[in-house]
Amino acid sequence: MLYSERGGGNMEGIIDSSSKESAAEAVKVTTMMEEGGTGLADNAKLSASTKEEEDVDRHWDQTSKKVVVHNVLKFLRPKEVTKLTNEWLKNKEHLNIKIIKTKKPPKDNWIKVTLEDETMVDPFIQLINTGGVDGKAMTNARGGKLIAKRASDIGIDGADDENNRKRKDRDGNDDDNDTFQNAKKRAAAATTATSTTKAASIRILSADEVRDAITPLWRLPYQEQLNLKSKEMIHKCAMKIIKEIKGKFRILEQEAKRGQRGKCPKVYEWVGEKRAIEMEDIVPSPRLFEYRNKCEFTCGYMHCKAEEAIVVTVQTKKSVEGAATTDVAKKDDVEETAAPPAETIHKIPAAGFLAQGWSGGVYLPHCLQNMPDWSCGLADIFNDFLATSSIPPYESKLHRGIWRTITLRCSLRTRECMVIVVHAPAGGGVGARHCGSDDYSTVFESEKQRLIDMLTNDVIPTPSRNFPEGHQKEKEEISDDAGIKVTSIFFQEYVGLSNPPPEHPVQHIYGKTSLEERLGKCTFQISPGAFFQTNTRGAEVLYDIVVNRIKEVTKNPQDTLLVDVCCGTGTIGLTCLKEGVVGKLVGVDISEPAIADAVVNATKNGYTQTETTRFVASPAEKVLPDEMKNIPISCTVVAVVDPARDGLHGIVIRTLRSNERIQRLVYVSCNPTGTLARDAAMLCSPPTKKYPGRPFKPTMSQPVDMFPSTKHCEMVMTFDRMSEEEYEQYHGKE
């Protein structure tokens, strides 16, 4: 699809939303300057405009509320920092000072304090600098004088530099007294009538460079990719776990020497073996290309060279009902200018990937081999909509604009597709200007309906792809010629600065309220906020490994209970039930939408919640201890954990260790080189007061490639409880 097709028909396709008002203002100021109108009143108007924009920045940037206190002691723990700040305010309630946040880098001798209101800054600075003995400065524990200053005057963490840079980027000059120079630059931007940037400042990536950023292993033959991942699992997972465990023994030995604990046990024999953790050959993905069933695109601006886009100029008088036009500006409004030179770069509203971060704009997914056709087809529809929409994409640096992200889910087996559109409030985001120029509430509902109509008008179109040379398309899993249609649409309003959490409410707009997927022998319902493996066929391979690991220790499956921690929609637990390797299931997950799906999925696959399954929506660390106590004594207990990248909470690890009825633990990790290594060390180290119970030891590790062309890999690691005899050998009888 040509860029010119997406860019025409609406100035929002080319110009930042913030430039619509400033363009007219800048043209007016330039005309006044040429006529000698440089009076104080005009200068005051511009200064007021600049001040208003700076006030908007302060609305979401809290630099004006921050104070830096120097000469505090280094290496303070968070509790000590809290205690110190409380001491500063002790018996000072009359000052009405409230600290809402502190930041203390361990190796630095300063604390950055964020106050509740800007009016508290000066009293707090005065308190630190004069609130000590005899009106002198407060002191640290060693008698050194504390010094408090505004954060904006110091530049710690680049706070003042960052804000100056934002103002400089917006105004073109950081000199407050140089108002007319700024006006000239805004007028120049208005006359060229395009949102362009010099090519020297922004480099547009080639298709190969986009692939390098998003799928860094795409150039390697698949066997070489597997070899590379296998080596990484050995060096950065298995060997790292052993190193962490040995470190735990060294800490215990040092504590024993200081008399802080009893005799330290000698290092377990298995830890010292040459291949302490056996690593199986990595299991390849059943599908190498277009394997993703979930895609997330960011809305922003795509940078496009001038020769690839329409050269658009501003018409100072808008046409019917506020729709922008692409006519050349009239001579009596501004000076006639030539089209932008070839070295300029245009910004076109689009949805895609941030291959260079926010400053580099978004890139379309069409060149990526792991992206399926249906996702690129939907991206084309959404980009056509953005290019003609009167509502701009969200800009994270300014926190203005509306359209934020689009999440797509699809099942090739059920031919269903779900679209989730995340947007800022129609009245404007956190950084919305007071003048109301960022308020799109009058057109939001009509634009939303237009997007729904575009998405549901027909089957998802087949996009034009630009795969690398030599790419061979794989055979489709299902040969049904019928196209895929969008079967459900959700909108999600979010006012925060980052991304909405999974439990954030969504608004159902169109079609079904969930997506249905078939995995192995089971059928699963997936809600918008629920987790589901992004490679469907790869998930079947992954779960088969988990089933086999559990089957090895379940002599009587009907009397075996599976504790599924971070269970999501119940995929692993219900698969184990369906395969007959366990008879009962208790699942725990923090996501309420996922647990709601799990309850439905249990019924959908022939299991009622009261008889064989129980699902709990709560952080695992809060409910797992009580859930373990309620398990009948007659049941054999096996545990599976499948946490997010953050890994397991310490209380979960303590519960799993202390409950010695769990003889086997299967850990499914999407972060094997990070949190798996940390958690494994705590599971396998000698018992302590914090982590009691006989330790586990890893008996099998099986990497599974779920993400071809990327560096990511899943790991299924099996832990078995140390036997009582072996435990007594190292720790003696208790």
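Glu660 and Arg694 are joined by a salt bridge, with their closest N and O atoms 3.0 Å apart. This pair ties together distant parts of the chain, 34 residues apart. Glu660 sits in the loop between helix 16 (650-658) and strand 18 (662-669), while Arg694 belongs to the loop between helix 17 (675-684) and strand 19 (696-704). Keep in mind, as you look around, that this is a predicted model.

The two partners differ in how much surface they show. Glu660 has a relative accessible area of 31% and is therefore partly exposed. Arg694 has a relative accessibility of 9%, so this residue counts as buried.

In total, the structure holds 25 salt bridges. Another of them brings the side chains of Lys604 and Glu516 together, at 3.3 Å from N to O. Here too the pair links distant parts of the chain: Lys604 is in helix 14 (residues 592-604) and Glu516 in strand 12 (residues 515-519), 88 residues apart.

Lys604 counts as partly exposed because its relative accessibility is 37%. Glu516 is also partly exposed, at 26% relative accessibility.

For a local example, turn to helix 9 (residues 222-257), which contains both Glu253 and Lys257. The two are four residues apart, about one turn of the helix, and their side chains meet in a salt bridge of 3.9 Å, N to O. That value falls within the 4 Å cut-off, so the pair qualifies as a salt bridge.

Glu253 has 40% relative accessibility and counts as partly exposed. Lys257, at 67%, counts as exposed, since the limit for that class is over 50%.

## Asp720 and its network

Now for a group of charged residues: Arg549, Glu552, Arg664 and Asp720 are linked in a network of salt bridges. Of these, Asp720 is worth a visit. Asp720 is part of strand 20 (residues 714-721). Is this residue buried or exposed? Its relative accessibility is 16%, so Asp720 counts as buried; the cut-off for buried is under 20%.

What surrounds Asp720, leaving aside its neighbours within four places in sequence? Its contacts are Gln663, Arg664, Pro695, Phe696, Lys697 and Thr699. Arg664 is also named in the salt-bridge network. With Thr699, the Asp720 side chain makes a side-chain to side-chain polar contact at 3.1 Å.

Terms used:
Residues are numbered from 1 along each chain as its sequence is written. This is a predicted model: local features need pLDDT of at least 70, side-chain atom pairs count only at pLDDT 80 or more; totals for chains, interfaces and linings use all residues. Side-chain values use heavy atoms; hydrogens and water are left out. Buried means under 20% relative accessible area, exposed over 50%, partly exposed in between (1.4 Å probe, protein chains only). A polar contact is a pair of N or O atoms within 3.5 Å; within protein, one must be able to donate a hydrogen and the other to accept it, and residues adjacent in sequence count only if both atoms are side-chain atoms. Contact means heavy atoms within 4.5 Å.
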